[in-house]
Amino acid sequence: MQTWCLVSICVLLGVVVRWGVSLNSYSGAGKPPMFGDYEAQRHWQEITYNLPVQEWYFNTTDNDLNYWGLDYPPLTAYHSLICAHIAKMINTEWVQLHKSRGYESTTHKLFMRTTVLVADLLIYIPAVVLYCLWLNDGPIKKKVCILLCFLIYPGLLLIDYGHFQYNAVSLGFALWGVLALGLGCDALGSMAFSLALNYKQMELYHALPFFCYLLGKCVKLGLTGRGLLLLLKVAAAVLVTFALCWLPFLSDPNQALQVLRRIFPVARGLYEDKVANAWCSLNILIKIRSIMSSDIQVYLSLACTSLAVVPSCIRVLTKPTFWQFKLALVNSSLAFFLFSYQVHEKSILLAFLPVCLFLNDLPLMVIWFLQASTFSMLPLFLKDGLFVPYAVTSLAFLFFSTYLLSALDRCSEEELGLEAYYKVLFFLPKMDLGCIVKWKFYISITAMACLSVASVTFDPPPHLPDLFSVVVSTFAFVHFLGTFIYFNIVQFSTLPSRRSHKKNK
């Protein structure tokens, strides 16, 4: 009884924080002609409600794809349709074809914010609660602390409730998949992850670890016995889930191809805005987009992403434990974010989820990464007028997470998993790496705070209008690259004896 009281308090606090963030501005408010992501979500409700499913992804007189054309998989469209039916019952003006473009009102804002919260309560938050309670070791109070830190991560809150999107839906489905695999329900886990993929195509960041872990498990069990049966069950679960999601588009091959063209828009370019990945950071020195054709950029990013992600996937394929699977999720998502094609700054949320799975094991490194990931989206928050919510939620998360998880007290080399560094960097003299990491954390957090204040206090030089955005993205990129290297070393090192059997099964 006491356990569920504590959990309920954590969930309630998570809801309060979400609602507090939602009271602020949103992307594109009062900024015609395109407005912003808030209008995109509203427009998809308008399109899915008023047009037949065969026209959702096609450019027609009633569906101008240049005005927030639908560019996510079918499950997103179905979600928009459900929201549209509810909106229609409340106020027909909200989804009126053509006439509702750019619609803004206090009541509609409340409705849209509520749809995000309901989706969180139905999909994301239950998965977080169950993962923290069932797949973490330690006393119940520690599990509840992990749960609270998971739920108040600023990056997801600010993007979904401030900027306005439904990222928690796909992340929630992916976490249900992780939870199911951790409990040995592989077919259900495959089904849940298939739903995540059919909601947002960016879940491909996590696809290779799921595939390699399940395939490795099948091989380990034997492809002539139990392994073959598991492989057939997983394949059936995936095929049935995809078939149901794509059913309205399968009768005509042109329909399916058009959906694929919309959800994989190569024409958008190597990256968007000032994103904290390798290509945007390298662009400071080498103007890649100017000296290379689009085709070469695609092949280059594909090659670099493959090189970055393959070692981790081979590791989990040959050693299919749940611990290795979680590490592969981190390394795969970071590899895709750092090196893949057409990356948006919000894509760092795909790395946030698997990194959060290690809040119990590596709290300081996780908190450090989560702070950096929120900081990396600062230019986007400033554009949306979200600096105050960004500052408040970031400070609150930093305080509660470091205090509740005793992160600064767990800085020994063993607790940080740093013993393997001496094997990789054998030429280094023996040092107190734990102390060094702790001081780097202090310096990093201080620098993020100073850059955040400077971004809103000072105007950049006229000849360098993007100065602060570039500095923020490059500074964050260094952190993400360091995190990627760190988790790869942890994955290829010998598992410490303190890891529980639950994480290594």
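Which residues make a nonpolar surface patch of about 410 Å²? The tour will come to them after a view of the whole model.

**Before starting**

This is a predicted model, in which local features need pLDDT of at least 70 and side-chain atom pairs count only at pLDDT 80 or more, while totals for chains, interfaces and linings use all residues. Residues are numbered from 1 along each chain as its sequence is written, and side-chain values use heavy atoms, with hydrogens and water left out.

**The whole protein**

The protein contains 24 helices and zero strands; helices (H or I, at least four residues) and strands (E, at least two) are DSSP runs, numbered from the N terminus. The C-alpha trace spans about 70 × 65 × 60 Å along its principal axes. For 505 residues, a compact globule would have a radius of gyration near 23 Å, and the protein agrees with this at 23 Å. That radius is taken over C-alpha atoms, and the globule rule is 2.2 Å times the number of residues to the power 0.38. Of the 505 residues, 56% are buried. Buried means under 20% relative accessible area, exposed means over 50%, and partly exposed lies in between (1.4 Å probe, protein chains only).

**Stop 1: the nonpolar patch**

Select V219, L223, L228, L231 and L232, and show their side chains. These residues make the nonpolar surface patch of about 410 Å². Patches are made of residues with over 30% relative accessible area and no salt bridge; like charges are joined within 9 Å, and nonpolar side chains (Val, Leu, Ile, Met, Phe, Trp, Tyr) within 5 Å. The areas come from the Shrake-Rupley method with a 1.4 Å probe, and for residues only the protein chains shown count as cover. Helix α10 (residues 226–246) supplies the largest share of the patch, three residues. L231 is found in this helix, α10, and is partly exposed, with a relative accessible area of 34%.

**Stop 2**

The structure holds five salt bridges. A salt bridge is a side-chain nitrogen of Lys or Arg within 4 Å of a carboxyl oxygen of Asp or Glu. Select E39, R42 and E46. R42 forms a salt bridge with E39, with the closest N and O atoms 2.9 Å apart. These two residues, R42 and E39, are three residues apart in helix α2 and are separated by about one helical turn. R42 also meets E46 in a salt bridge (2.8 Å, N to O); R42 and E46 are four residues apart in helix α2, again about one helical turn. An α-helix has 3.6 residues a turn, so residues three or four places apart point the same way. Both R42 and E39 are buried, and E46 is buried too.

**Stop 3: a link across the sequence**

D37 lies in helix α2 (residues 37–50) and K346 in the loop between α15 and α16, so the pair ties together parts that are 309 residues apart in sequence. D37 and K346 are both buried.

**Stop 4: around α16**

Which loop holds Q342? Q342 lies in the loop between α15 (322–339) and α16 (349–356). Phi of Q342 is near 60°, a positive value in a residue other than glycine. Now select L349, which lies in helix α16 and counts as buried at 2% relative accessibility.

**Stop 5: helix α7**

Select residues 167–182, which form helix α7 with its 16 residues. From first C-alpha to last, α7 reaches 22 Å, close to the 22 Å expected at 1.5 Å a residue; the expected span is 1.5 Å times one less than the number of residues. Is α7 mostly covered or mostly uncovered? α7 is mostly covered, with 15 of its 16 residues buried. Just after α7, G184 takes a positive phi of about 85°.

**Stop 6: the loops on either side of α19**

Select D384, in the loop between α18 (378–383) and α19 (387–404). D384 counts as buried at 6% relative accessibility. A polar contact of 2.4 Å joins its side chain to that of H163. A polar contact is a pair of N or O atoms within 3.5 Å; within protein, one must be able to donate a hydrogen and the other to accept it, and residues adjacent in sequence count only if both atoms are side-chain atoms. Finally, select S406, in the loop between α19 and α20 (413–416). S406 has a positive phi of about 50° although it is not a glycine, and it counts as partly exposed at 30% relative accessibility.
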